[in-house]
Amino acid sequence: MADEEQARVAPPAGKSKRLMVIGAAVVVLALAGGGYFWQAQKSAHAPVEAPKVDLYMPLDPAFVVNFKDGDSLRYLQVSVTLMSYDQKALDAAKDANPVVRDALVSLFSNQEYSIISSADGRRKLQEQALAAVQKIVKERTGKPGIDALYFTSFVMQ
């Protein structure tokens, strides 16, 4: 009689494994669904950034300066374009155009031919010009604002 009661209470071994597999599958699906729902809610509340747009402003006309190379006089013509992601920074640079041009003319005319005739020298001059413009814009807006400065033409004679 004890064997009959035990047989009624315990399910056959095949059914037990099947129930465990089904139960495990239900748990995995519930966890996966909960994780997906949590991720969807998290990403729905995350701020969406607009893609940055490059804004350009050429400084026209081109800069023409002279500088000494030993005993001879040399000329440099440089076309400059500013790039920013912030229109307000470009507007500040435009409003301060005489100040920006003065700073760049001073910088360009104090160069040495032997230095700016190399690629590294031009790159260094470009970095110095960017820093000069950023300083002027920062004085007006509180932040540098100009992200890049490009030499769109660079002629030495």
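In the predicted model, the face of helix α3 turned away from its buried side carries the exposed residues Lys88, Lys94 and Asp95, where exposed denotes over 50% relative accessible area and buried under 20%, with a 1.4 Å probe and protein chains only. The buried residues of α3, which spans residues 87-95, are Ala89, Leu90, Ala92 and Ala93. Viewed down the axis of α3, these buried residues fall within an arc of 155 degrees, taken from the directions from the helix axis to the C-beta atoms, and they therefore line one face of the helix. They pack against β1 (55-69), β2 (72-84), α4 (97-109) and α6 (119-141), a contact being heavy atoms within 4.5 Å. At the N-terminal end, α3 is capped by Asp86, a side-chain oxygen of which lies 3.0 Å from the backbone nitrogen of Lys88.

Helices α4 and α6 pack at an angle of about 155 degrees, their axes being 10 Å apart. This makes α4 roughly antiparallel to α6, a description applied to angles over 145 degrees. Val99, Val100, Ala103, Leu104, Leu107 and Phe108 of α4 make the contact with Leu125, Gln128, Ala129, Val133, Ile136 and Arg140 of α6.

Six helices and three strands make up the secondary structure of the chain, assigned as DSSP runs of H or I with at least four residues and of E with at least two. Of the 157 residues, 24% count as buried.

Residues are numbered from 1 along each chain as its sequence is written. Local features of the predicted model need pLDDT of at least 70 and side-chain atom pairs pLDDT 80 or more, whereas totals for chains, interfaces and linings use all residues, and side-chain values use heavy atoms, leaving out hydrogens and water.

Technical notes
Polar contact = N/O pair within 3.5 Å; in protein donor to acceptor, adjacent residues only side chain to side chain. Axes fitted to C-alpha atoms, helices over the stretch in contact; angles between N-to-C directions. Parallel < 35°, antiparallel > 145°, perpendicular 65-115°, else oblique.
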